[in-house]
Amino acid sequence: MLLTAFLKEGTAALEPLYPVREARSLLLMLCEAQLGVQRHTPILEPSYEIPAGRLPSLWDALERLKKGEPVQYVLGFSDFLGRRFRVSPAVLIPRPETEQLVTAAVEILRGLPRGARVLDLCTGSGCIAWSLALEVPGTSVVGADISQEALQVARGQEFPLEAGAQAPVFVQADVLAPEQPFSFGPFDLVVSNPPYILEREKVWMRPNVLDYEPSLALFVPDSDPLLFYRAVAAWSSRLLVPGGTGLVEINETLGAPTAELFASAGFSPVRQMKDFFDKDRFVGFRKSAF
Ligand SMILES: C[S@@+](CC[C@H](N)C(=O)[O-])C[C@H]1O[C@@H](n2cnc3c(N)ncnc32)[C@H](O)[C@@H]1O
């Protein structure tokens, strides 16, 4: 079968779910990953024939896409800040906003002496933990998550370690129990992208997120939307060095109350920051140096 024919048929099959350009782009990602072709192959080589042996797995993948499964789960990877992370339905697919969190955290780490220690609460795929460990060699990172399946994914990421870079350590912990025994720390930086979507916000979400991404990673009760941030504040009070910094990703509708929570917990200064879409998306805070 010609690649162009597969793309045409696949695009038509995905049209009920995705706009045409997005459908074609998903199929091109699939073909790049499974056939090793390039995005421009169908244009530059319109006679490119898909090897017959490759067709069954392409059709399988198309069936999964037709059911609404996110392409990253179908492919088994997601790109994040220039690196390819393994993902499975046990972990959230890393989001572009979180790349911004990591970029800000890298800036903080570059301003610290080499060998800084970082705690990543609710680590999921480990995309934050690994990116920090690799971007700033010498940094030691501990990633914590309650989900053993997620930790397995985080531990299974494979990246070459440049000179001085250390792989993060991933541990199981219930972030909502900040007083539990924890044999790591202190830390110079605490980062977290915890669950922060309200149950009532489900109505605005795409079905492929709701049906496929782990609800453990996404939702908090409407009655207590900041519970993870209270816990992050407690972990940070306990484990940050004096003068240490915290950085969290937040629900865009809860910027002011989240910032207020960290201020009330005694952190100062506390700063709200926007994402690329000008939405309140991050809060940074500092533990007093005394
Ligand atoms: C929003 S996802 C973030 C994953 C990853 N840090 C990222 O940015 O892509 C939240 C993560 O919190 C974890 N989680 C949920 N409840 C938790 C708890 N009580 N303690 C620790 N981790 C928890 C989920 O398993 C999920 O991996």
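Leaving aside residues up to four places away in sequence, Ser140 touches Ala116, Arg117, Val118 and Gln166, where contact means heavy atoms within 4.5 Å. The model is predicted, so local features need pLDDT of at least 70 and side-chain atom pairs count only at pLDDT 80 or more, while totals for chains, interfaces and linings use all residues. Residues are numbered from 1 along each chain as its sequence is written, and side-chain values use heavy atoms, without hydrogens and water.

Ser140 belongs to strand β4, which covers residues 140-145. Ser140 counts as partly exposed because its relative accessibility is 25%; buried means under 20% relative accessible area, exposed over 50%, and partly exposed in between, with a 1.4 Å probe and protein chains only. Ser215 is 75 residues from Ser140 along the chain, and their C-alpha atoms are separated by 29 Å.

Now the chain as a whole. The protein chain has twelve helices and eleven strands; these are DSSP runs, with helices being H or I of at least four residues and strands E of at least two, numbered from the N terminus. The radius of gyration is 21 Å, close to the 19 Å that the globule rule gives for 290 residues, so the chain is as compact as a globular protein of that length. This radius is taken over C-alpha atoms, and the rule is 2.2 Å times the number of residues to the power 0.38. Along the principal axes, the C-alpha atoms fill a box of roughly 70 × 45 × 35 Å.

Of the 290 residues, 51% are buried. Among contacts with a separation of 6 or more, 67% are between residues 24 or more positions apart.
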